[in-house]
Amino acid sequence: MVNSVSSVSTSSVQSTNTNAVSEEEQNKKTEEEKLFPEQDKQKPVNNPSSTITEDTAKTEAQSYINTLKAQYPQLAAKLDSYYSNLDFETLCAEAASTTDIRAYIYSETQGFLR
């Protein structure tokens, strides 16, 4: 016969710091937002009716080149020459957004900065 039953239940739970991961992810997200603001994130559209016009490409290219000239005044002549030789017809055919135009010009002019 059993007079009493003693039941002892213990559990050992180790806490993990999930806040550290969340903070790290948050910091990464904040950095990405600084580098790529929401206004610059234009999704490319595969719709032929929404292609970039030559006027839009010229305006965007001139604006971006003016920005580069303000940052690097010593390269103004090279940037002006680059703009005057830019093939806008090809640029319009390949660009899906104005961000594509800026990215193309940026990559093409990196050689000037070295």
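This is a quick run through the salt bridges in this structure. Keep in mind that the model is predicted.

How many salt bridges are there? The count comes to 3. Let's take them in turn.

Start with glutamate 54 and lysine 58. Their side chains form a salt bridge, 3.6 Å from N to O. The cut-off is 4 Å, so this pair counts. Both residues sit in helix α2, which covers residues 54-71. They are 4 residues apart, so about one helical turn separates them.

Next, arginine 102 and glutamate 60. This salt bridge has an N to O distance of 2.4 Å. The pair links distant parts of the chain. Arginine 102 is in helix α5, residues 98-109. Glutamate 60 is in helix α2. Is glutamate 60 buried or exposed? Glutamate 60 is buried, because its relative accessible area is 16% and the cut-off is under 20%.

Last, lysine 69 and aspartate 80. Their side chains meet in a salt bridge at 2.7 Å, again N to O. Where do the two residues lie? Lysine 69 is in helix α2, and aspartate 80 is in helix α3, residues 76-84. So the pair ties together parts that are 11 residues apart in sequence. Aspartate 80 is partly exposed, with 37% relative accessibility.

To recap helix α2: glutamate 54 and lysine 58 pair within that helix. Lysine 69 pairs with aspartate 80 of helix α3.

Terms used: Residues are numbered from 1 along each chain as its sequence is written. This is a predicted model: local features need pLDDT of at least 70, side-chain atom pairs count only at pLDDT 80 or more; totals for chains, interfaces and linings use all residues. Side-chain values use heavy atoms; hydrogens and water are left out. Buried means under 20% relative accessible area, exposed over 50%, partly exposed in between (1.4 Å probe, protein chains only).
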